[in-house]
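Colleague: I have the model open and would like to talk it through with you. Could we begin with what the burial words stand for?

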Amino acid sequence: LDGTLATFAIVSAVVGSGLPWTVTLVMGCASLAAEAISMGLGDWYSSISADELARNERTREEWEYDNHLKGEQAEMEEVLVARGVPSDDAHKVIGILSKHRSFFVDLMLTHELGIL
């Protein structure tokens, strides 16, 4: 919506200045193109940042799995208990799932950090 309003403002200003319709058309198209490029680059940078964050968090969670598995298991048990799983069931489930490193890291990223 902000791109549409900016283009409308530019076209309105050109029309108000009394310039020929061709100038109005060129200014409007140039404004639309600039807005499209700007929004596209913003989205691209945002995607790159999100991907980089996910990679960094995966690396950190893998390190924590390798170096502090008990702590990670406890954190995931807390997540399950908070979602209504009885504590003893959560302990059993996490004990089984944590045997599978890649899956458990994905589980931590998804349920602990909301990433993936």
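Modeller: A residue is called buried when its relative accessible area is under 20%, exposed when that area is over 50%, and partly exposed in between. Please keep in mind that this is a predicted model.

Colleague: Good, then Thr 24: buried or exposed?

Modeller: Thr 24 has a relative accessibility of 13%, and because the cut-off for buried is under 20%, Thr 24 counts as buried. Thr 24 lies in helix H2, which runs over residues 21-67.

Colleague: Which residues is Thr 24 in contact with, leaving aside the neighbours within four places in sequence?

Modeller: With those neighbours set aside, Thr 24 is in contact with Val 11, Val 14, Val 15 and Leu 19.

Colleague: And which residues of H2 are buried?

Modeller: The buried residues in H2 are Thr 24, Gly 28, Ser 31, Glu 57, Glu 61, Glu 64 and Tyr 65.

Colleague: How far apart are the end C-alpha atoms of H2, and what should its residues span?

Modeller: The 47 residues of H2 should span 69 Å at 1.5 Å a residue, and the end C-alpha atoms are 69 Å apart, so the two values agree.

Colleague: Let me step back to the whole chain. How many helices and strands are there?

Modeller: The protein chain has 5 helices and 0 strands, which reads as α-α-α-α-α along the sequence.

Colleague: What about the overall dimensions?

Modeller: Taken along the principal axes, the C-alpha atoms of the protein chain fill a box of roughly 75 × 30 × 15 Å. The radius of gyration is 26 Å, whereas a compact globule of 116 residues would have one near 13 Å.

Colleague: What share of the residues is buried, then?

Modeller: Of the 116 residues in the protein chain, 22% count as buried. The chain exposes about 7900 Å², and carbon and sulfur atoms supply 65% of that area. As for contacts between residues at least 6 apart in sequence, 61% join residues at least 24 apart.

Colleague: How many positive and negative side chains are there?

Modeller: There are 8 positive and 18 negative side chains in the protein chain, and the centres of the two sets lie 9 Å apart.

Colleague: Back to H2 for one of the glutamates. Where is Glu 35, and what does it contact?

Modeller: Glu 35 is found in helix H2 and, leaving aside its neighbours within four places in sequence, is in contact with Gly 3, Ala 6 and Thr 7. Glu 35 counts as partly exposed because its relative accessibility is 23%.

Colleague: Now H5. Which of its residues are buried, and what do they pack against?

Modeller: In H5 the buried residues are Phe 104, Val 105, Leu 107, Met 108 and Leu 109, and the buried residues of H5 pack against H2, helix H3 (69-82) and helix H4 (87-97). H5 itself covers residues 101-112 and reaches 15 Å from its first C-alpha to its last, close to the 16 Å expected at 1.5 Å a residue.

Colleague: Tell me about Met 108. Why does Met 108 count as buried?

Modeller: Met 108 is buried because its relative accessible area is 0%. Apart from neighbours within four places in sequence, Met 108 is in contact with Glu 61, Tyr 65, Glu 72, Met 76 and Leu 113. The C-alpha atoms of Met 108 and Tyr 65 are separated by 9.7 Å, although the two residues are 43 apart along the chain.

Colleague: And where does Leu 113 sit?

Modeller: Leu 113 is in the segment after H5 and counts as partly exposed, at 31% relative accessibility. With neighbours within four places in sequence left aside, Leu 113 is in contact with Glu 57, Arg 60, Glu 61 and Met 108.

Colleague: Arg 60 comes up there. Which helix is that in?

Modeller: Arg 60 lies in helix H2 and is partly exposed, with a relative accessible area of 32%.

Note on methods. Residues are numbered from 1 along each chain as its sequence is written. This is a predicted model: local features need pLDDT of at least 70, side-chain atom pairs count only at pLDDT 80 or more; totals for chains, interfaces and linings use all residues. Side-chain values use heavy atoms; hydrogens and water are left out. Helices (H or I, at least four residues) and strands (E, at least two) are DSSP runs, numbered from the N terminus. The radius of gyration is taken over C-alpha atoms; the globule rule is 2.2 Å times the number of residues to the power 0.38. Buried means under 20% relative accessible area, exposed over 50%, partly exposed in between (1.4 Å probe, protein chains only). Contact means heavy atoms within 4.5 Å. Accessible areas come from the Shrake-Rupley method with a 1.4 Å probe; for residues, only the protein chains shown count as cover. Lys and Arg count as positive and Asp and Glu as negative; His and the chain ends are not counted. The place of a charge is taken as NZ of Lys, CZ of Arg, CG of Asp or CD of Glu. The expected span of a helix is 1.5 Å times one less than its number of residues.
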